[in-house]
Amino acid sequence: MYLVNVPSWFGAIWKVVKPMMDDNTRSKLFVFSKRDKKGFLKALGTKVPQQNIPPEYGGESMPLGQSPEEELFASLMARNNAMSSRH
């Protein structure tokens, strides 16, 4: 799990929580501050191909919110919200 753009105060909390976590769980968590964009992109690139990462995160995929799946989901949610507001 990648925790990205964590606020500056998160470091203090992380120092307290991290030692209490199981080693296996801790090894699956990656924390990146707003200042560590290069570190985040490098770590993400080891798990996700560059062509599947949106340009907002330094990749080559289509921008966030513009994939056919996201557009379909947004239209379904708008339809559901419109139907629920009529009742």
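Me: Hi! Leaving aside its neighbours within four places in sequence, which residues is Val 4 in contact with?
Reply: Hello! Val 4 is in contact with Phe 32 and Phe 40, where contact means heavy atoms within 4.5 Å. Keep in mind that this is a predicted model, in which local features need pLDDT of at least 70 and side-chain atom pairs count only at pLDDT 80 or more, while totals for chains, interfaces and linings use all residues. Residues are numbered from 1 along each chain as its sequence is written, and side-chain values use heavy atoms, with hydrogens and water left out.

Me: Thanks. Where is the place of Val 4?
Reply: Val 4 sits in strand E1. Helices (H or I, at least four residues) and strands (E, at least two) are DSSP runs, numbered from the N terminus.

Me: And is Val 4 buried, exposed or partly exposed?
Reply: Val 4 counts as partly exposed, because its relative accessibility is 31%. The cut-offs are under 20% relative accessible area for buried and over 50% for exposed, with partly exposed in between (1.4 Å probe, protein chains only).

Me: OK, zooming out. How many helices and strands does the chain have?
Reply: There are four helices and two strands. Following the sequence, their pattern is β-α-α-β-α-α.

Me: What about the radius of gyration of the chain?
Reply: The chain has 18 Å, whereas a compact globule of 87 residues would have a value near 12 Å. The radius is taken over C-alpha atoms, and the globule rule is 2.2 Å times the number of residues to the power 0.38. Along the principal axes, the C-alpha atoms fill a box of roughly 50 × 35 × 25 Å.

Me: What share of the residues is buried?
Reply: Buried residues are 15% of the 87 in the chain. As for the surface, the accessible area of the chain is about 6900 Å², and carbon and sulfur atoms hold 59% of that. These areas come from the Shrake-Rupley method with a 1.4 Å probe; for residues, only the protein chains shown count as cover.

Me: Which residues of helix H3 are buried?
Reply: In H3 (residues 37–45) the buried ones are Phe 40, Ala 43 and Leu 44. They cover an arc of only 100° around the axis, so they lie on the same side of H3. That arc is the one of the directions from the helix axis to the C-beta atoms.

Me: Nice. What is exposed on the other side of H3?
Reply: Lys 38 and Lys 42 are exposed there.

Me: And what covers the buried residues of H3?
Reply: The cover includes strand E1 (2–6) and strand E2 (30–33).

Me: Let's take a residue from E2. Ser 33, leaving aside neighbours within four places in sequence: what is in contact with it?
Reply: Ser 33, which is found in strand E2, is in contact with Asn 5 and Val 6. Ser 33 is partly exposed, since its relative accessible area is 23%. Between the C-alpha atoms of Ser 33 and Glu 60, 27 residues apart along the chain, the separation is 22 Å.

Me: Since Asn 5 came up, what is its phi?
Reply: Phi of Asn 5 is near 60°, a positive value in a residue other than glycine. Most residues other than glycine have a negative phi. Asn 5 belongs to strand E1 and counts as partly exposed, because its relative accessibility is 43%.

Me: New topic: where is Thr 46?
Reply: Thr 46 is in the loop between H3 and H4. With a relative accessible area of 61%, Thr 46 is exposed. Its C-alpha atom is separated by 20 Å from that of Lys 34, 12 residues apart along the chain.

Me: Last one, which helix holds Ser 84?
Reply: Ser 84 is found in helix H4 (residues 68–85), and a relative accessibility of 48% makes Ser 84 partly exposed. The C-alpha atoms of Ser 84 and Val 31 are separated by 39 Å.
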